[in-house]
Amino acid sequence: MTTTALAVKPNTIDEIHQIGRMLAMSGYFDAKGNSDTAIAQVCTKILAGAEMGYGPFASVQGIHIIQGRPAVSANLMAAAVKSHPLYDYRIKRMDDKECSIEFFQRNGDKWESLGISTFSEADARKAGTKNMDKFPRNMLFARAMSNGVRWYCPDVFFGNAVYTPEELGAPVDGNGDYIEVDYRTVDQATGEIKPPAQPAPTPT
């Protein structure tokens, strides 16, 4: 799958907590700091990723928990299908109007078609797909890929139902990757990025 023999694979809750604490304290991810909440969020991503075959770093970087569900980018889904020994896909059509992806399963020395996942501009309008005006090909590919994985090869993620961030209502960029909402500002005099403003203390 997506892991390698060199990937760090925590085996106990203590190991997961230790790695989660280190990654949270690094400040490189959306859950930052030494608070119990930040560490728990990172550990939750590591647990979710472990069930899908990802190592801790890939899990924290590429998996987001939105509305209690794991969300991964369409690129990660596509890579998981390509790297799986039993599955593959081919893009049959991808333009601003429609994306069609055919999924295959290995049967001995041959590849058998499992079916075609198609997502069209009309489907996107019904679903309220974001960024269709800017990146229609990317958004259609993301939806066709996520549907196809759920329909034809769910065991790629060991039976976990995975979604793209956009499907769960999260803000995404042109590649369909989750955008962390960060209210930082830039110091006009120095050009330095200011940390997020802290809320005023509640009077007591």
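Guide: In this predicted model, C99 has a relative accessibility of 0%, and because buried means under 20%, C99 counts as buried. C153 is likewise classed as buried, since its relative accessibility is 1%. In general, a disulfide is a covalent bond between the sulfur atoms of two cysteines. A search of the whole structure finds zero disulfides.

Let us turn to the sheet. Strand β4 covers residues 98–107, and it belongs to an open sheet of three strands, arranged in the order β3-β4-β5 with antiparallel pairing. The edges are formed by β3 (87–94) and β5 (110–120); each has a single partner strand, so one side of each is left without a neighbour in the sheet. On average, neighbouring strands of this sheet are turned by 20° against each other, direction ignored.

Strands of a sheet pair through backbone hydrogen bonds, either parallel or antiparallel. Here, β4 and β5 run antiparallel and are joined by 10 bridges.

Helix α4, made up of residues 74–83, lies across β3 and β4 and runs at about 130° to β3. Helix α6, which spans residues 136–152, lies across β3, β4 and β5, and its direction makes an angle of about 130° with β5.

Terms used
Residues are numbered from 1 along each chain as its sequence is written. This is a predicted model: local features need pLDDT of at least 70, side-chain atom pairs count only at pLDDT 80 or more; totals for chains, interfaces and linings use all residues. Side-chain values use heavy atoms; hydrogens and water are left out. A disulfide is a pair of cysteine sulfur atoms within 2.5 Å. Buried means under 20% relative accessible area, exposed over 50%, partly exposed in between (1.4 Å probe, protein chains only). Two strands pair if DSSP finds at least two bridges between them. Helices (H or I, at least four residues) and strands (E, at least two) are DSSP runs, numbered from the N terminus. Axes are lines fitted to C-alpha atoms, for helices over the stretch in contact, and angles run from 0 to 180 degrees between N-to-C directions. Contact means heavy atoms within 4.5 Å.
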